[in-house]
Amino acid sequence: MNNQNFNINEYLQQDLINCFPDYETFISELNEYIAMSHIFGSAIDELTTKLNIIDRQFKLQHQRNPIYSIRSRIKSPQSIVEKLQRKNLPISFKTAREQLTDIAGVRVICHYINDIYQIADLLTFHDDIHLIKKSDYIARPKPNGYRSLHIVINIPIYLSEGKEYVPLEVQIRTLAMDSWASLEHQMRYKGNDKAKSSKYADKLKECAETIHKVNITMQELYSSLYENNI
């Protein structure tokens, strides 16, 4: 996930042209994507502000910051179109806004496993944030070994026309989980078919299990050293 500038640059324009070669459709969808990017960008700003406040308050109470970094992204036009196609839905950004909950995402990187659940609880404790879905891939990892806590929330943004709730996907994981996920993605989805074989998949899963054991050990060490601060 990369922080994204919501201006439509040359790359995104070409992406849109590839998705909507008809000129009139292209112009209509371009305007829809710009408006959608503003909406979701505003929602990301709102959530990032809340997370930073939680992080600072935690530091005041416990003398450390639970959040290492916050990253965000809005799906590219091509990614949105491909997801609509997989779901057999009409190809338009209006449909995407109505049907998809992962157009925009925020990734929160924490230091310890306990931080993940504390951040999720503190975030969803706010009465203006509505929890839509929670997927705990730490307690129940994916078959490839992937671990992370995913929540989908509705967060309000305040526009000139009034308040609007916007869905965001939030991924919360430790530094070690994020490192594994990034490297696994790089190896398996960058064109090397060997990395998709069962041999390499098993090795990657072994690495995920090793990293999980390290995460647990680091959590236990921290808890034993600073149990009065957590």
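Start by selecting strands β2 (residues 104-110) and β5 (residues 162-174): they run parallel and are joined by six bridges. Strands here are DSSP runs of E, at least two residues long, and helices are runs of H or I, at least four long, numbered from the N terminus. Pick Val 106 next, and you'll find its bridge partner in β5 is Val 170.

Before going on: this is a predicted model, so local features need pLDDT of at least 70 and side-chain atom pairs count only at pLDDT 80 or more, while totals for chains, interfaces and linings use all residues. Numbering starts from 1 along each chain as its sequence is written, and side-chain values use heavy atoms, with hydrogens and water left out.

**The sheet**

Now show the five strands together: they make an open, mixed sheet ordered β1-β2-β5-β4-β3, where two strands pair if DSSP finds at least two bridges between them. Look at β1 (67-74) and β3 (130-136): each has a single partner strand, so one side of each has no neighbour in the sheet. From one strand to the next, the twist averages 25 degrees.

Axes are lines fitted to C-alpha atoms, for helices over the stretch in contact (heavy atoms within 4.5 Å), and angles run from 0 to 180 degrees between N-to-C directions.

**The cores**

Which residues have the most contacts inside the largest nonpolar core? Select Leu 47, Leu 51, Ile 80 and Leu 168, in a core of 46 residues. A nonpolar core is a set of buried Ala, Val, Leu, Ile, Met, Phe, Trp, Tyr and Cys residues joined through side-chain atoms within 4.5 Å. Buried means under 20% relative accessible area, exposed over 50%, and partly exposed in between, with a 1.4 Å probe and protein chains only. Helix α2 (residues 23-62) gives the most to this core, eleven residues.

Zoom in on Leu 47: beyond its neighbours within four places in sequence, Leu 47 contacts Val 106, Leu 123, Ile 153, Ile 155, Leu 168 and Val 170. Another core, of five residues, lies apart from the largest one and includes Tyr 146, Trp 180, Leu 204 and Ala 208.

**Around Gln 78**

Last stop: Gln 78, in helix α3 (residues 77-86). Gln 78 is partly exposed at 27% relative accessibility. Not counting residues up to four places away in sequence, Gln 78 touches Asp 15 and Cys 19. Gln 78 and Cys 19 are 59 residues apart in sequence, yet 6.5 Å apart C-alpha to C-alpha. Cys 19 itself is buried, at 15%.
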